[in-house]
Amino acid sequence: MSSSADGIAGSGGSTGGGIGGGGIVGGGARLLPSDPPGGRKAIAVWGIGVAVYFVAITYRTSLGVAGLDAAHRFHINASALSTFSILQLLVYAGMQIPVGLLVDRLGAKKVLALGVVLYTAGQFGFAFSDAYGMALGSRALLGCGDAMTFISVLRLGARWFPARRGPMIAQIAALVGMAGNLISTLVLARLLHTFGWTTTFAGSALGGIAVLVLLLLFLKDHPEGFAPPPTPREHSGATFVRRQIANAWREPGTRLGMWVHFTTQFPAMVFLLLWGLPFLVEAQGLSRGTAGELLTLVVLSNMAVGLVYGQIIARHHAARLPLALGTVAATALLWALTLCWPTTHAPMGLLVMLCVVLGACGPASMIGFDFARPANPPERQGTASGIVNMGGFTASMTTLLAVGILLDATGDNYRIAFASVFVLEALGVTQILRLRSRAARRERERLVVSRVEAVHVPA
């Protein structure tokens, strides 16, 4: 997730032997003049972008701990409750390609500023919603603003850090985003119980105002001397947009990245965003406090696994696909054991193992960006990242809807409802296996070309 989980790996980041940002990367290789230097200023500026993403994740996942309260407040059933998250993710997924195009065209700062304004307005609106329709509109507005954050943070990382730092920077961004999820599960849940709906959600919206001020005052799109070349006049209009999207989609690495993101992200996203707490309380008989602790475990596992995955991929580029497929296999196995346990309630040890494995889903989904990155030139990175990011959120939206419908149809039978997870995982794995050879061959071809070109770059 980031819930969930959505530098960098999808925007010019590179790992051993890859290409990106104009640099030669790999063990001890020199940086080319076009490779940004990184350093403390880069960390500070990029940190502002990550703070914007942190707040977005807090807002995105806030419904995960308020699902039962929302059902009571708006007098709705499971299908209607799932519509909140489905609509939010529908808007998010639908915005990914337009946002990628905007980032390529306008830069990260303008897109991030617009995103903050929208998601803050959505959170305020949700706080004061008394009617179901108004609450739906507020979550849609929140999803629109949320959609503008992650791809912009990917672009910031690519503009401010050397390409070889890409995988680790990407995982750190995701880790900080998961810390926003932690705020939801630990802080917002308690505030909601203490102060009520309106005060909790309105108070949390003040965080959006704070990061907007920081962004407007201090964030810059790129370091001095590393401005991208001016956009040619012909790089605008509907024809260019269609060509940009078509060229990104034509690359098998982009499509492979999208399916990796699709297959790995959604089990944890669905669990954290909405259905985890009801499943643990209603189907497994746990108290809300214990269920909240297990949701927190998913977040903590995500943060720890993210650092490990980032280090592994930075050193061993070939580990990308084994890590992704291994995460999918482990997730499917633990879900199957939990849902098929012969007694009514699965043992606590199994639930703990499930939550730990679900924590790996977010870091595994980040690997999708690292397949799309070497497949696309810098001027197309935002568009390609948008296509990849659509994958997991489309799968999450589909599963959220399926679970809600199946719960209503079966009288809250969570075993049947959560079986929908396996259908989407099977679809995703099939597409990954179909595309992996073509993507690997194309990436090797681009690597050879980049090495030949690098030899002729003036010192």
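The model is predicted, so local features need pLDDT of at least 70 and side-chain atom pairs count only at pLDDT 80 or more, while totals for chains, interfaces and linings use all residues. Residues are numbered from 1 along each chain as its sequence is written, and side-chain values use heavy atoms, with hydrogens and water left out.

Phe126 also belongs to one aromatic cluster, together with Phe74, Phe84, Tyr132, Trp197 and Phe201. Across the whole structure, 21 aromatic pairs turn up (rings of Phe, Tyr and Trp, the last by its six-membered ring, with centres within 6.5 Å; planes under 30 degrees apart are stacked, over 60 edge-to-face, the rest tilted). Trp46 and Phe161 make an edge-to-face pair, at 5.6 Å centre to centre and 85° between the planes. Trp46 is in helix α1 (residues 40–61) and Phe161 in the loop between α6 (150–160) and α7 (166–195), so this pair ties together parts 115 residues apart in sequence. Helices here are DSSP runs (H or I, at least four residues), numbered from the N terminus.

Trp197 and Phe201 pair up too, this time tilted, at 4.8 Å and 45°. Both are buried (under 20% relative accessible area; exposed is over 50%, partly exposed in between, with a 1.4 Å probe and protein chains only).

His75, in the loop between α2 (67–74) and α3 (78–106), has a positive phi near 55°. At 70% relative accessibility, His75 is exposed.

Notes: Helices (H or I, at least four residues) and strands (E, at least two) are DSSP runs, numbered from the N terminus.
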